[in-house]
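Here is a short report on one structure.

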Amino acid sequence: MINHTIQDALNEQIKHELESAYLYLSMAAYFESVNLQGFAHWMRLQHQEETAHGMKLFNYLQDRGGRVRLQAIEQPKTDFSSSLEVFEQALKHEQKVTALINGLYDLAIRENDHATQIHLQWFITEQVEEEKNAQDVVDKLKMAADHPGALFLLDQQLASRMGEAE
Ligand code: FEO
């Protein structure tokens with residue numbers, strides 16, 4: 001049986017993961033509205049990944065005999081001024097999630113909850129990848145600057161991103 005402090009913190013993190021999913025879906029919608037289908041594809045896959053992260057915690061909490069209580073998630077930002085702005089926000093968002101996961105891990109240590117520590121190690125590793133993926137696109141967008149040709153090529157490159165299960 002999981003203790004209440006950890007249970008509440010995991011419920012909070014489920015919310016953050018689903019909030020991330022919602023944010024990336026909103027970013028996908030933005031990219032589709034400006035006809036950048038490759039960027040939109042990247043964001044749609046990211047939405048799926050975040051939903052999977054939320055479900056990973058959801059299932060873990062159930063497996064530990066805890067009680068999942070879904071919380072309200074905020075409306076995501078819907079309008080952006082450029083592709084670079086979107087990816088800079090995605091990167092900032094991932095940095096925030098990394099801090100949340102680290103805080104959760106610290107809590108699991110303080111609460112002496114070994115199983116939760118082990119479960120969270122997957123998320124700690126995943127966050128390295130998440131930040132790197134967003135940073136890569138930010139760097140490329142900065143290199144592309146305002147050259148439409150470079151943006152077009154990057155859009156094509158992002159269209160080939162594969163999902164986790166592919
Ligand atoms: Fe689930 Fe992108 O962190």
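## Helix packing

α1 and α3 are roughly antiparallel to each other, a term for angles over 145 degrees. Their packing angle is about 170°, and their axes lie 11 Å apart. Axes are lines fitted to C-alpha atoms, for helices over the stretch in contact, and angles run from 0 to 180 degrees between N-to-C directions. The contact of α1 with α3 holds 17 nonpolar, seven polar and two charged residues. Here Ala, Val, Leu, Ile, Met, Phe, Trp, Tyr, Cys and Pro count as nonpolar, Asp, Glu, Lys and Arg as charged, and the others, Gly among them, as polar. Helices are DSSP runs (H or I, at least four residues), numbered from the N terminus.

This is a predicted model: local features need pLDDT of at least 70, side-chain atom pairs count only at pLDDT 80 or more, and totals for chains, interfaces and linings use all residues. Residues are numbered from 1 along each chain as its sequence is written, and side-chain values use heavy atoms, with hydrogens and water left out.

## Nonpolar cores

The largest nonpolar core has 22 residues. Such a core is a set of buried Ala, Val, Leu, Ile, Met, Phe, Trp, Tyr and Cys residues joined through side-chain atoms within 4.5 Å. M27, F31, F39, M43 and F87 have the most contacts inside the largest core. Two or more residues come from each of α1, α2, α3, α4 and α5 (148–158). α1 gives the most, with six residues.

F39 is in contact (heavy atoms within 4.5 Å) with F31, S83, F87, V137, L141, L151, L154, D155 and L158, leaving aside neighbours within four places in sequence. Another core, of 17 residues, lies apart from the largest one. Among its residues are I2, L10, V97 and F123.

## A buried asparagine

N11 lies in helix α1. N11 is buried, with a relative accessible area of 5%; buried means under 20%, exposed over 50%, partly exposed in between (1.4 Å probe, protein chains only). Not counting residues up to four places away in sequence, N11 touches L61, R67, V68, R69 and Q71.

## Two exposed loop residues

N35 sits in the loop between α1 (4–33) and α2 (37–63). Its phi is near 60°, a positive value in a residue other than glycine. N35 counts as exposed, at 56% relative accessibility.

N112 is in the loop between α3 (83–110) and α4 (114–144). Phi of N112 is near 60°, again positive in a residue other than glycine. N112 counts as exposed, at 54% relative accessibility.

Key
Angles under 35 degrees count as roughly parallel, over 145 as roughly antiparallel, 65 to 115 as roughly perpendicular and the rest as oblique.
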